[in-house]
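Good morning, colleagues. Please look at the structure with me.

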Amino acid sequence: MTEIATTAQAPPPVRLPLTEAAHIRVALIGLALSFLAFFLVLPLIVVFVEAFREGVRVYLAALSEPEARAAIRLTVLTAAICLPLNTAFGLAAAWSITKFQFRGKSLLLTLIDVPFSVSPVVAGLVYVLLFGLQGLFGAWLTAHGIKIIFAVPGIALATLFVTLPFVARELIPLMDSQRTTQEEAAVVLGANGRQIFWRVTLPNIKWGLLYGVLLCNGRAIGEFGAVAVVSGHIIGLTNTMPLHIEVLYNDYAFAAAFAVASLLTLMALVTLAIKTVLEWRLGSAAGAARVH
């Protein structure tokens, strides 16, 4: 009787039959791997091979040129400006959308997604029409000595536009799935808004927040279209790394172009590695939350 009861309580796992034949699965997997190898891995290898084709000395010399250093500094500065602003906006937007009910919530969600649907070139053109010399506010800005287009503020604004949704869109589904139970319990215990945010909400969303910031950073350092419109391509002043690569390549300075491209690629690969770790931590946190 004991053996029968044990068997009834723990039935053997049922294996579902696979509908695809083995050769079909192998063909599909092989096709996917071949596609990735040809369109992703091979170009990455080519970038580093071309960067070091003329030796390490030429590679280091290309990265130490004043124009290259200026492009690297501007790229880092632009990301440093956009990340805190997008983080603050993403937290505020996600908090308001998931924790409160108000009129216009659907409109706010739609507006957050606008940068995903608008071409970056169009976004850059909009800023030119607003803040350019002949733009809507151009005369007023010129009269007050404020320069936005063809300067760092314009580059920051264009990058800020294209990276706006990343933090918010990562946090909204995460915070929505967590509901408001813990915040309500904190209010009952006497916590104020700041204490609730720092001690309850933020620890629950920290991995999702870091993931969104990482995506925002990756887009900020690699943005080309919007920045190309508002920068003016002033070498040493308004050229970010992607723009500087284009200038070098058009001038047939292939070794220098691939050297800067390799640095940008390395930054992207580091971002991808951190993204993978954060995805794992985010998945682990979500699994732990479901268990509790």
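Cys216 is buried, with a relative accessible area of 0%; buried means under 20% relative accessible area, with a 1.4 Å probe and protein chains only. Cys82 likewise counts as buried, at 0% relative accessibility. A word on the source: this is a predicted model, in which local features need pLDDT of at least 70 and side-chain atom pairs count only at pLDDT 80 or more, whereas totals for chains, interfaces and linings use all residues. Residues are numbered from 1 along each chain as its sequence is written, and side-chain values use heavy atoms, with hydrogens and water left out.

How many disulfides does a search of the whole structure find? The search finds 0, a disulfide being a pair of cysteine sulfur atoms within 2.5 Å. Cys82 is in no disulfide, because the closest cysteine sulfur to that of Cys216, in Cys82, is 6.5 Å away, too far for a bond.

I turn now to the second largest pocket. Its space is about 220 Å³, the volume being that filled by probe spheres set on grid points joined across faces, edges and corners. A pocket is an open set of points on a 1 Å grid over the protein atoms alone, where a 1.4 Å probe fits, with protein on both sides within 12 Å along at least five of seven lines; lining residues have an atom within 4 Å of a point.

Among the lining residues are Phe166, Leu214, Arg219, Leu264 and Lys275. Helix 12 (193-222) and helix 15 (254-291) each give two or more residues to this lining, and helix 12 gives the most, with 6; helices are DSSP runs of H or I, at least four residues, numbered from the N terminus.

Methods: Buried < 20%, exposed > 50% of the residue type's maximum accessible area, 1.4 Å probe, protein only.
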